[in-house]
Amino acid sequence: MTQHPTSTLDHLSESELTVKLEPELLPKHVAVIMDGNGRWAELRGLPRIAGHREGINSVREMITLCLELGIHALTIYAFSQENWNRPTQEISALMGLLEHYLSTERASLIEQGVCFRAIGRHELLPPSAQHWVRMTEKETSHLDKLILTVALSYGGRAEIVDAVKTLLEDVQTGAVQPGLIDETTIQQYLYTHSLQDPDLLIRTSGETRISNFLLWQLAYTELCFTPTLWPDFRRREFLLALIEYQRRERRFGRVLSTVSS
Ligand code: IPE
Ligand code: IPE
Ligand code: MG
């Protein structure tokens with residue numbers, strides 16, 4: 001969140017912030033661009049991977065808070081298509097971290113009732129990472145307390161390209177009538193077809209861009225940008241973002257009844 005809207009809440013404790021939440025106004029689906037791990041590490045004179053490692057603790061806290069508050073879907077951007085352009089050493093460290101996370105946290109995800117899904121071009125991931133992704137998806141597919149979607153080797157434009165290709169195949173076989181294609185049809189061909197669009201997008205680290213994330217799905221999402229680096233984004237920061245979200249007026253192009261014409 002930009003600093004000012006919630007700055008009057010700075011003095012409040014976590015439990016006081018929680019009381020300020022209105023359950024019926026909570027977002028149902030939160031998406032997060034987890035950014036700033038490298039800078040967090042550099043500020044401490046540590047290798048970038050130390051920031052990625054610390055960022056996992058933020059992911060854990062966010063999952064817990066979503067479960068506590070009854071937020072049903074959390075979608076996190078863990079590795080973009082463009083991130084393949086990073087140095088090989090950082091990519092392999094990130095893949096190692098992904099495998100470590102999935103192999104060690106699977107049991108805890110299951111215990112908490114979290115359904116894990118990955119979106120993106122997984123065929124590009126190393127085989128061992130693909131293995132852990134598939135296994136975690138399989139073992140958590142029956143769970144529904146929280147739908148945790150992790151974008152891995154993900155690009156929003158690539159998602160649309162993949163959707164168009166599959167849709168064209170279905171047009172060719174006659175399964176879809178071109179004249180009947182509408183927005184719902186397109187949505188059904190996206191990686192996120194079973195999810196409703198995010199209500200809230202949070203991006204950490206002070207960058208104010210989308211970086212090829214959920215291009216279709218973010219059409220009417222409320223955007224929250226915070227200067228906090230991802231490894232420092234913990235419960236309190238998330239509560240502040242939720243409070244800011246609740247103060248927004250979602251108009252969807254309409255004129256609200258309270259606004260005079
Ligand atoms: C986000 O942190 C994690 C990934 C993109 C994998 P960064 O690694 O982008 O951290 P900064 O932006 O360089 O600080
Ligand atoms: C976006 O962060 C991707 C993820 C958080 C996984 P980046 O750090 O890669 O984005 P840019 O390069 O600053 O746009
Ligand atoms: Mg970054």
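Ser205 is buried, with a relative accessible area of 7%. This residue sits in the loop between β5 and β6. The model is a predicted one.

**The β5–β6 loop**

Strand β5 spans 200–203 and strand β6 spans 222–225, and the loop between them also holds Leu215. Leu215 is partly exposed, at a relative accessible area of 36%. Together with Ile160, Val164 and Leu168, Leu215 forms a nonpolar patch on the surface. The accessible area of the four residues together is about 300 Å².

Glu207 belongs to the loop between β5 and β6 as well. Its side chain meets that of Arg39 in a salt bridge, 3.0 Å from N to O. This pair links distant parts of the chain: Arg39 is in helix α2 (residues 37–43), and 168 residues separate the partners. Glu207 also forms a salt bridge with Arg209. There the closest N and O atoms are 3.5 Å apart. Which residues make up the network of salt bridges that includes Glu207? Asp35, Arg39, Arg203, Glu207 and Arg209 are linked in it. Arg39 is partly exposed at 30% relative accessible area, and Arg209 is partly exposed at 46%.

**Ligand 1**

Arg39 also touches on the ligand site. Ligand 1 is surrounded by 13 residues. The closest are Asp35, Gly38, Arg39, Arg48 and Arg86.

| Residue | Protein atom | Distance to a ligand 1 oxygen |
|---|---|---|
| Gly38 | polar backbone atom | 2.9 Å |
| Arg39 | backbone N or O atom | 2.7 Å |
| Arg86 | side-chain N or O atom | 2.7 Å |

On its own, ligand 1 has 370 Å² of accessible area, and the protein covers 87% of that.

**Salt bridges elsewhere**

The count for the structure comes to 19 salt bridges. One of them joins the side chains of Arg235 and Glu14, at 3.2 Å from N to O. This pair, too, links distant parts of the chain. Arg235 is in helix α8, Glu14 is in helix α1 (residues 14–20), and they are 221 residues apart.

**Cysteines**

How many disulfides does a search of the whole structure find? The search finds zero. Cys66 is in no disulfide, and its nearest cysteine sulfur, that of Cys224, is 14 Å away. Cys224 is likewise in no disulfide. A disulfide needs two cysteine sulfur atoms within 2.5 Å, so the 14 Å between Cys66 and Cys224 rules this pair out. Cys66 counts as buried, at 0% relative accessibility. Cys224 counts as buried at 1%.

Where Ser205 is buried at 7%, Phe252 is partly exposed, with a relative accessible area of 39%.

Definitions and conventions. Residues are numbered from 1 along each chain as its sequence is written. Chains are lettered from A and ligands numbered from 1 in the order in which they are written. This is a predicted model: local features need pLDDT of at least 70, side-chain atom pairs count only at pLDDT 80 or more; totals for chains, interfaces and linings use all residues. Side-chain values use heavy atoms; hydrogens and water are left out. Patches are made of residues with over 30% relative accessible area and no salt bridge: like charges are joined within 9 Å, nonpolar side chains (Val, Leu, Ile, Met, Phe, Trp, Tyr) within 5 Å. Accessible areas come from the Shrake-Rupley method with a 1.4 Å probe; for residues, only the protein chains shown count as cover. Helices (H or I, at least four residues) and strands (E, at least two) are DSSP runs, numbered from the N terminus. Buried means under 20% relative accessible area, exposed over 50%, partly exposed in between (1.4 Å probe, protein chains only). A residue is near a molecule or strand if one of its heavy atoms lies within 4 Å of it. A polar contact is a pair of N or O atoms within 3.5 Å; within protein, one must be able to donate a hydrogen and the other to accept it, and residues adjacent in sequence count only if both atoms are side-chain atoms.
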